[in-house]
Amino acid sequence: MSEPKQTVPKPIAGVSGYIDDRIGAGNFLKRNLRKIFPDHWSFLLGEIALYSFIVILLSGTFLTFFFKPSMAHTVYEGSYAPLRGIGMSEAYKSTLEISFDVRGGLLMRQIHHWAALLFVAGMMVHMLRVFFTGAFRKPREINWIIGVLLLTLALAAGLTGYSLPDDLLSGAGLRITEGVLISLPLVGSYATFLLFGGEYPGFDVIPRFYTLHVLLIPGIILALITAHMILMWVQKHTQMPGKGRTEKNVVGAPFYPAFMAKAGAYFLFTFGVLAGLGTFAQINPVWLFGPYNPADISAGSQPDFYMGFLEGSLRLMPAWEINIGSYTLPLSVIIPALVPMGIIMTGLALWPFLEQWVTGDKREHHVCDRPRNAPVRTSVGFAGITFYGVLWLLGSNDELSVAFDVSLFATTWFGRIAVIVGPIIAFLISYRICIGLQRKDADVLGHGVESGVIKRLPHGEFVEIHVPAREDVAAHLRGKKEIPSLEAPVDERGIPAPGVRGLIGKVRLTLNRAFRADDIPLEEGHGHEEEHKAIGAGSGHKADH
Amino acid sequence: MTEHDENSAGWRSPKRVVGTPSPAESRYTLGQAEPPSPKTPVIEGVEPRDEGKGAERVVALCFLITFLAGIAFIVFYVMFQVGTIEKAQISNLALGGTLALALLALATGVTVWVRAIMPKYHLVQERHPLVSDEATRDEVGSTFLQGAAESGIPKRRLLRRTLLLAVAPLGLLPLVLLKDLGPLPGTVLRHTVWGKKTKEGKERRLIIEGTGNPIRAANFNSPGGILSVVPEGYEHDLNELAKSTLILIKFRPEELKAGTNKNWTVDGIVAYSKICTHVGCPTALYEQTTHHILCPCHQSTFDATDGARVIFGPAARPLPQLPLGLDAEGYLVAKGDFPVPPGPSFWERGDAEAEVRAKGGHA
Ligand code: HEM
Ligand code: FES
């Protein structure tokens, strides 16, 4: 496989030959060993999530060797003195034993919990990267949908895992889960009785959550991650716009040896950081909370961060409840539990299709958009982040009210208003910023950049010399693609094209116009050495001339 | 999926004139021309690094650290036993510290190796349209139709319909099987053990949570005090506690307003359900000066002097009040169940408060 005089060392050649004889792996390797992976820091975000999941699998498997998923009553007589003689569930007792009587047990528990947080956080930021760069566009819609499913499943995995230790804090989460489930119209009380095996809390929920947590949910996650990776491999990575990068190529480093080694190093970094967190940053010290008892609660209890937005929306909600005949619709539970999550998850899942419908853009896209060049998308993204962020912040409004010394009710009212007004403001601001940045790009291409060289003209005026932007910078900027228009096709008799006819067609056309409004065209070549007034250089130029 | 490996061809045969600037030189510093590279790349897109012993030594040092940290982990595993809080924490520090060090040092080593020893890459690989060509599509299409025709599915209606019929119930089996996960709710959500006499046929006493002691009304005399209370005989029954736990507050009689049923109080002592009517957290916080009961979960706030009506927050209904009385020995007992189901709302609950009021009761 290599140059004439070099040969692959015997042991490797032997094994690979054996395998190739049997499954023909050579053809696959020939195509893929030097597969090209483009480089950009933001492409690592998804990897963080992937490696966290591997750490979750490793640490979680260790925990299963010692954890007893049982709600049977027992009395603690172990090595943690403050809880000796106290009645508790087997699950809580075994969690204490993992923490105090198994070497490395506390470490694995804390690594598992930190890895869970990093897993979800990594996925969220990765998803934002894909969203803002438009990497979800054709042909990658399927992978985007898989991503949305993964995020949902990760929340489910976190919820079920958090409930397992059966301490007072995890019980509070479980109680809220029950309160939400039972509030569902028609099926609520039945679903609760099925899940809990009768009345809350019963004796079944922890073993059942355990099966979901260690088998069903991770199984599905693993399958989806595999599919995600295969699709990524087949479709190849997207790349940022830049010199020599086109829709038809991939520019970067080869899988073997550079990308492989880098990926290995990132896994080790992720694992190493998680091990460091598990060592030095205490998380979920269950022994401090005591065993679960539905009659008690520890004040100021906070869920894991990814549940914060649900907590916040429950807190924001005014007390609405309506009775229809002899039935009750507890809107103050159903709305906050389902609507924000529904908006976010459905919105995420549908966005690629919505955008494609509005732009009519059926082309393949392999070069990423820079967020500024798709202002509507970017602004919708920021509006979404603001919506989520307000809910998330309000999930700890009790802490906020203490920290800023304002009344709790004031924080709630602030949140009720901000959750509606905030996203609108965020949309408008980010829209302006995108347009401003586009102008700046157009300016750089049109007039070049300030060289820092000041020249004195014969009549005494000082000007600064502008030079064209460096080639690779210019290439980066030139990566901008025009957003397609649905406008054009009106035939000679004035009948619009089929796609924009009728009421829905009009809506579509209007959205399309909004999507394209303020698209700043890039214009080049106003002399390669332009001279600008030194005072206020460059500022007197409108980009759209 | 076909992929050419132009890049690996290019990798062997130099195309670029030696000495011209490499396309790999791309650090984005606005507007500055870069000095020409002193290196002489041999293969397009693969730019060797300066051979320096320095980088290799750094990498080797990192690998050595990992080796030592790995050994230390094993040593510490044996050396530091666990069994108390302090010991567990020391062991945690020792094991976690060495594990983190080993992993991070290895990661650093490999990164330096990639960045300082392996070449700098700027390889280009062609993309090919993902869609298969027209001929292939047509062939797959006709193969599909041919196969379908051979199977007989399009023609044989009876076969098709009975197949659908056959699988329909099979799809339902898993759902049916799940039924035994739990019993049907029936009316258990509407009642608590407070409505039942004890085994001895007496009225059920109120027990202070945690201590197991009954409460003599005369001894609970500090106005503003609050107690968490559980039903006698069910002190450790979590299912019962999840709906029957009470808070007990003592008021001066003139403090109580119309919302509180004074007939259900004893010497100004009032009992409300402790289970929040929002989603069921224990409403454990009490502000003495304002007489507000506060739920720590989503901050629903109830006025304890006025039938625990909601003042703020997402809870939509007051905390139900329990009728209190005294037994022969002067202990607080329940005179009956809550007039309405306690805890979170559910579909079949209906407007239980209105029903009670319609019957002339207090809720
Ligand atoms: C898929 C993503 C997963 C997430 C987000 C996740 C999250 C969590 C969380 C937050 C806890 C509570 C930990 C604590 O502080 O005690 C937990 C506990 C646990 N998890 Fe996971 N986990 C995941 C997968 C797994 C897997 C794959 C396994 C087993 C193979 C596993 C086994 C366990 C066990 C045994 C516990 C209880 C141990 C204890 O609390 O001490 N988990 N999980
Ligand atoms: S459970 Fe009490 S306010 Fe939500």
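This is a predicted model: local features need pLDDT of at least 70, side-chain atom pairs count only at pLDDT 80 or more; totals for chains, interfaces and linings use all residues.
Chain A has 545 residues, of which 52% count as buried. The iron atom of ligand 1 is coordinated by two histidines of chain A, A:His112 and A:His213. The points below cover the overall layout, the ligand site, the backbone geometry and a few individual residues.

**Overall layout of chain A**

- The secondary structure of chain A amounts to 18 helices and 9 strands.
- In the domain assignment, chain A holds domain 1 (37-239 + 260-289) and domain 2 (446-533).
- A separation of 47 Å is found between the C-alpha centres of domain 1 of chain A and domain 2 of chain A.

**Overall layout of chain B**

- For chain B, the domain assignment gives domain 1 (38-121) and domain 2 (192-358).
- The C-alpha centres of domain 1 of chain B and domain 2 of chain B are 61 Å apart.

- A:His112 and A:His213 each coordinate the iron atom of ligand 1 through NE2, at 1.9 to 2.0 Å.
- The arrangement around the iron atom of ligand 1 is octahedral, because its 6 donor atoms subtend angles of 88 to 179 degrees.
- A:His112 belongs to helix H5 of chain A and A:His213 to helix H9 of chain A, so the pair ties together parts that lie 101 residues apart in sequence.
- A:His112 and A:His213 are both buried.

- In the side chain of A:His113, a polar atom lies 2.6 Å from an oxygen atom of ligand 1.
- An N or O atom in the side chain of A:His213 is 2.8 Å from a nitrogen atom of ligand 1.
- The side chain of A:Asn284 has an N or O atom 2.8 Å from an oxygen atom of ligand 1.

**Cis peptide bonds in chain A**

- A:Tyr200 and A:Pro201 are joined by a cis peptide bond, with omega near -10 degrees.
- A:Pro201 is located in the loop between H8 and H9 of chain A.
- The peptide bond between A:Tyr256 and A:Pro257 is also cis, and its omega is about 10 degrees.
- A:Pro257 is placed in helix H10 (residues 255-280) of chain A.

**Positive phi values in chain A**

- A:Asp166 is not a glycine, yet its phi is positive, at about 60 degrees.
- A:Asp166 sits in the loop between H6 and helix H7 (168-182) of chain A, and with a relative accessible area of 7% it is buried.
- A:Leu186, another residue other than glycine, has a positive phi near 70 degrees.
- A:Leu186 is part of the loop between H7 and H8 of chain A, and with a relative accessible area of 56% it is exposed.

**Individual residues in chain A**

- A:Phe203 is in the loop between helix H8 (188-196) and H9 of chain A.
- A:Phe203 has a relative accessible area of 56% and is therefore exposed, the cut-off being over 50%.
- A:Phe203 and A:Met71 are 132 residues apart along the chain, while their C-alpha atoms are separated by 5.4 Å.
- A:Arg31 lies in helix H2 (residues 25-32) of chain A and, at 28% relative accessibility, counts as partly exposed.

**An individual residue in chain B**

- B:Thr277 occurs in the loop between strand S7 (269-273) and strand S8 (285-287) of chain B.
- B:Thr277 has a relative accessible area of 2%, so it is buried.
- At 2.7 Å, the side chain of B:Thr277 reaches the backbone oxygen of B:Arg317.

Definitions and conventions. Residues are numbered from 1 along each chain as its sequence is written. Chains are lettered from A and ligands numbered from 1 in the order in which they are written. Side-chain values use heavy atoms; hydrogens and water are left out. Domain bounds come from an automatic or database domain assignment. A polar contact is a pair of N or O atoms within 3.5 Å; within protein, one must be able to donate a hydrogen and the other to accept it, and residues adjacent in sequence count only if both atoms are side-chain atoms. Donors are N, O and S atoms within 2.8 Å of the metal (3.2 Å for Na, K and Ca); water is not among the atoms, so sites may look incomplete. Four donors count as tetrahedral if all angles lie between 85 and 135 degrees; four count as square planar and six as octahedral if opposite donors are over 155 degrees apart and all others between 65 and 115; anything else is irregular. Helices (H or I, at least four residues) and strands (E, at least two) are DSSP runs, numbered from the N terminus. Buried means under 20% relative accessible area, exposed over 50%, partly exposed in between (1.4 Å probe, protein chains only).
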